[in-house]
Amino acid sequence: MKKIAILGSTGSIGTQALDICARHPEEYRVTALTANRSREKLFDQVRRFRPEMAGLAEGISREEIPEDLRFCRWLSGPEALRAAAAEVETDQVLVSIVGIAGLQSVMDALGAGRQVLLANKEALVTGGHLVMDLAGRMGKPILPVDSEHSAIFQCLQAAGPNRPTKLLLTASGGPFRTWKKEDIHRATREQALKHPNWSMGAKITVDSASMFNKGLEIMEARWLFGLPADQIQVVVHPESIVHSAVAFEDGAVLAQLGVPDMRVPIGYAMAYPRRETTGVPAPDLFAIGKLTFEPPDEEKFPSLRMAREALAAGGAACAVLNGANEAANAAFLRGEISFGEIYARVARALDRLSGLPGNTLEDIREADRLARLISDGKD
Ligand code: NAD
Ligand code: MG
């Protein structure tokens, strides 16, 4: 039986992971659950999965905890995330919270010798070298949950000692793939939140529309698989059936296919190295009929170019891009700025903050803070 702690259990990834736990009660014991603000949802989960610890990042007082849920240890604020990641006795820690907040949790979990199942790509985007270094020293390789990275990871299991020559990172292209640039810049919140293939949390859905998500995923792949950015190609594939692929020097390409359902990559990371049922059927290739591929339009989606430039610049540039994007994404979701302004704000932060160091966690936090200030127009 594997013990699993889930950080961000009330979100899109967290609830799907619990779905798999419920499907295999003999396989998984839930040790800790945390959420940001969704307390009623968290109460229901605690009632059902009976973890040893539960926590709310926004805080909860003793009186607010329902009587029947006082059997478990309740924590508030950053302490809740820290305890779930590193204190509670557990084998696996699924980090499925949003944004740079995940970086500390990943470091805490690795430092405590836990197996990290990583949905939170922002941890690798901002602190990739620190995370990979610690994972290496602890002998606990990160298991990717992001569908593209899980696909690449699965393909590499079949590669033996052979190193890939290229990673083919697929992208749906998001809801604005066929739109004109001017229309994309005027897109509304509702339009950006309508992803053609995947149902996900709001932040990543907006990132998918702007294609900053794919830019972040280039960075994530660079750290997870150790290939330079020029060997990571983005391939737009609107059907979202090929979740990514890997090319080798003999001309062979291995790909992983599946219907767009995150329970497959979540379940793969949880059960690794085995496979077990997830409730997801294999794709019906006759019903799908054809799979199409096209190059990304970097003129319409400057996010991809910005991501490659930030990776090439090194230092804290990726953390700057991420912080400015997190702030602009949130401002867009609050209805304060246009969609096009997201690109302008990230570009401005990258321009103003070139050359910042990114050696330590403190460097990265400072870069993130400054990038948010510039993005929000407060500096
Ligand atoms: P979500 O918004 O649906 O859920 C986020 C969860 O984390 C919630 O439980 C929320 O309460 C908690 N949370 C959010 N911010 C927090 C904070 N600052 N401190 C503590 N808790 C916090 O998000 P999601 O779509 O499940 O995405 C989670 C992560 O997984 C993101 O990094 C995202 O990029 C990544 N991811 C998601 C998907 C997907 O299909 N949803 C796919 C690939 C990668
Ligand atoms: Mg992805």
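Reader: Which domains give residues to the shell around ligand 1, and where does the ligand lie as a result?

Author: Please bear in mind that this is a predicted model. Both domain 1 (2-144) and domain 2 (149-313) give residues to the shell around ligand 1, so the ligand lies between them.

Reader: Which residues come nearest to ligand 1?

Author: The shell has 23 residues, and T10, S12, N36, E122 and G201 are the ones that come nearest.

Reader: And how do the shell residues divide by type?

Author: There are 11 nonpolar, nine polar and three charged residues in the shell around ligand 1.

Reader: Which helices each supply at least two residues of that shell?

Author: Those are α1 (12-23) and α5 (121-138).

Reader: What about backbone atoms and the oxygen atoms of ligand 1: how far is a backbone N or O atom of N36 from one of them?

Author: For N36 the distance is 2.8 Å. A backbone N or O atom of I13 lies 2.9 Å from an oxygen atom of the ligand, and a polar backbone atom of I97 is 3.4 Å from a ligand oxygen.

Reader: How much of the accessible area of ligand 1 does the protein cover?

Author: On its own, ligand 1 has 820 Å² of accessible area, and the protein covers 86% of it.

Reader: Let us turn to the domains. How far apart are the C-alpha centres of domain 1 and domain 2?

Author: The two centres are 25 Å apart. Across the interface, 26 residues of domain 1 are in contact with 30 residues of domain 2.

Reader: What area do the two domains bury between them?

Author: They bury about 2,400 Å², with 66% of that on carbon and sulfur atoms. On the domain 1 side, the residues that lose the most area to domain 2 are I20, K121 and P144, which together make up 26% of what that side buries.

Reader: Now the backbone. Which peptide bond is cis, with omega near 5°?

Author: The bond from Y272 to P273 is cis. P273 sits in the loop between α11 (263-271) and α12 (285-288).

Reader: And what is the phi of R50?

Author: Phi of R50 is near 45°, which is positive although the residue is not glycine. R50 belongs to the loop between α2 (39-49) and β3 (53-56).

Reader: Why mention those two features?

Author: Because most residues other than glycine have a negative phi, and most peptide bonds are trans.

How values were computed
Residues numbered from 1 in each chain as written. Chains lettered and ligands numbered in written order. Predicted model: local features only at pLDDT ≥ 70, side-chain atom pairs only at ≥ 80, totals over all residues. Heavy atoms only, no water. Near = heavy atom within 4 Å. Polar contact = N/O pair within 3.5 Å; in protein donor to acceptor, adjacent residues only side chain to side chain. Areas by Shrake-Rupley, 256 points an atom, 1.4 Å probe, with all protein chains shown as cover. Helix = DSSP H or I, 4+ residues; strand = E, 2+ residues; numbered from the N terminus. Nonpolar A, V, L, I, M, F, W, Y, C, P; charged D, E, K, R; others polar. Domains from an automatic or database assignment. Contact = heavy atoms within 4.5 Å. Buried area = accessible area lost by both parts, 1.4 Å probe.
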